[in-house]
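The chain and its coordinates are shown first, and the description follows.

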Amino acid sequence: MPAEPPTDPAVPSEPIPATADVLVVGAGPGGAAAATYAARAGLDVVLVDAARFPRDKTCGDGLTPRAVTELARLGLGDWLDEAPRLDGLSLHGWGGHAQIPWPRGRFAPYGSAVRRTELDDRIRRLAVESGVTMVQGAKAVDAEIGSAGIESVTLRTDSGARSIRPQRVIVADGVRSALGKALGRTWHRDTPYGVAARAYCESGRGDDRWMGSHLELRGPEQELLAGYGWLFPLGTGPDGVGRLNIGVGTLATSRRPADLALRPVLGHYYRSRREDWELTTPPAEITSALLPMGGAVSGVAGPNWMLIGDAAACVNPLNGEGIDYAIETGRLAIEALEGGDFSRAWPATLTEHYGLAFAAARRFATVLTMPKAVPVLGRPGIRVHALMAVAVRVMGNLMTEDDKDLVARTWRTIGRAATVVESRPPFT
Ligand SMILES: Cc1cc2nc3c(=O)[nH]c(=O)nc-3n(C[C@H](O)[C@H](O)[C@H](O)COP(=O)(O)OP(=O)(O)OC[C@H]3O[C@@H](n4cnc5c(N)ncnc54)[C@H](O)[C@@H]3O)c2cc1C
């Protein structure tokens with residue numbers, strides 16, 4: 001899947017227009033999807049990103065069936081046909097192993113894995129093909145606010161600063177969300193957040209059909225960590241070499257911060273998996289990042305602006321997966337554009353779609369930040385196939401409000417109970 005050649009870094013890719021019906025800040029999966037849907041709705045859309053594409057993004061590159069479904073809905077189904085097809089999760093830990101296929105249901109029957117340099121560039125090119133004006137190398141640095149919300153946004157480029165006056169703004173600027181912060185977004189670190197690192201290895205198993213996931217994560221001193229390791233097959237490249245995304249992620253809260261350095265943990269994980277995953281090169285391109293999760297932010301909307309994706313902490317608290325949420329919230333935000341003032345409506349929409357699942361997952365994730373809880377839950381869990389199947393449904397974000405089976409109803413009941421006892425429910 002070849003990426004576009006890099007653009008000339010000296011100039012913004014397009015002149016910055018003075019106005020827009022919709023300004024989308026950030027061209028990751030969330031922003032690019034939102035921009036595409038807005039342009040298809042006939043709106044005049046400007047999409048800006050501080051980076052120039054193709055750009056890297058720290059990620060496991062894993063696409064759940066829900067993400068594959070959203071990408072197909074956007075119109076990238078044929079393009080994804082060229083990507084690896086992954087049948088489910090191969091879970092390991094405490095001497096056990098369970099291979100769990102993705103559940104059949106309303107989502108695609110397979111997942112995938114695509115490097116973010118390629119995936120994000122493809123989605124943002126789709127936005128441009130749909131009529132969006134994209135400006136690369138333009139960083140949103142400030143916003144002027146009036147009684148009706150954002151009046152203008154200042155964009156900084158290599159050639160100076162320039163203002164744009166948009167009717168509405170979609171803030172999709174990722175984990176740090178500098179623009180969101182300027183608008184009053186607050187990240188609450190007393191709820192679990194993720195700390196994760198990824199790298200790339202060449203491997204004889206690049207064409208495996210299963211996502212490897214190790215639930216018993218240990219540090220270099222064999223200490224047990226609240227987290228998991230992954231190996232996601234990326235297929236064989238045009239050079240005939242198979243590659244994997246390898247990574248480790250841990251959970252933390254402000255009470256129990258993950259003060260460990262992830263590089264040694266990743267190195268240890270690589271060494272322990274080198275043989276069985278046929279890893280032929282050491283981890284390369286190592287990067288790490290923090291991840292707000294489970295809607296653990298407040299201030300996600302104002303009169304004419306909405307936060308989506310990572311900016312709104314729409315990330316699964318149990319595995320750090322967020323590409324599907326980013327694309328989905330991008331779609332939902334454009335569907336909500338007609339509604340007028342977003343200040344209350346957008347948090348209500350996010351709560352309706354993700355509130356119960358996030359509340360339940362956050363509760364569970366809080367338990368997992370307690371070191372003793374991990375083996376108590378994991379050791380017997382890995383041996384019970386039915387329990388692992390439930391874990392895959394939860395980790396893959398494959399339960400919806402429409403599911404009526406016992407597992408889905410139980411998960412929602414936990415969510416409702418968690419919302420009641422929680423001092424600060426998701427998105428508040
Ligand atoms: C180590 C790790 C592993 C992960 N693994 C997975 C996985 O396997 N599967 C999965 O689904 N999710 C995974 N995630 C989560 C996933 O990467 C995110 O949920 C996803 O990228 C969110 O997309 P987004 O569009 O909201 O934000 P992003 O993809 O972060 O895009 C934000 C964009 O905004 C731009 N930007 C930022 N600030 C500004 C500004 N001021 N002005 C203009 N542009 C700006 C950035 O350049 C960027 O292009 C992982 C995360 C980490 C850290």
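## Helix 1 and its surroundings

The residues of helix 1 that are buried (under 20% relative accessible area, where exposed means over 50% and partly exposed lies in between, with a 1.4 Å probe and protein chains only) pack against strand 1 (19-25), strand 2 (45-49), helix 2 (65-74), helix 4 (116-129), strand 10 (160-171) and helix 7 (323-335). Helices (H or I, at least four residues) and strands (E, at least two) are DSSP runs, numbered from the N terminus. The model is predicted, so that local features need pLDDT of at least 70 and side-chain atom pairs count only at pLDDT 80 or more, while totals for chains, interfaces and linings use all residues. Residues are numbered from 1 along each chain as its sequence is written, and side-chain values use heavy atoms, with hydrogens and water left out.

Helix 1 is mostly covered, with 11 of its 12 residues buried; among them are Pro29, Gly30, Gly31, Thr36 and Tyr37. The expected span of a helix is 1.5 Å times one less than its number of residues, and for the 12 residues of helix 1 this gives 16 Å, which agrees with the 16 Å between its end C-alpha atoms. Just after helix 1, glycine 42 takes a positive phi of about 90°.

## The nonpolar cores

A nonpolar core is a set of buried Ala, Val, Leu, Ile, Met, Phe, Trp, Tyr and Cys residues joined through side-chain atoms within 4.5 Å. The largest one has 96 residues, and those with the most contacts inside it are Leu63, Val153, Val169, Ile170, Ile246 and Trp346. Helix 1 (residues 29-40) contributes the largest share of this core, 7 residues. A second, separate core of 18 residues includes Tyr200, Leu215, Phe232 and Leu234.

Contact means heavy atoms within 4.5 Å. When residues up to four places away in sequence are not counted, tryptophan 346 touches Val300, Ala301, Met306, Leu307, Ile308, Thr329, Leu332, Ala333 and Ala336.

Valine 297 belongs to strand 19 (residues 297-298) and is buried, with a relative accessible area of 0%.

Leaving aside neighbours within four places in sequence, threonine 191 is in contact with Ala252, Thr253, Ala296, Arg362 and Glu422.
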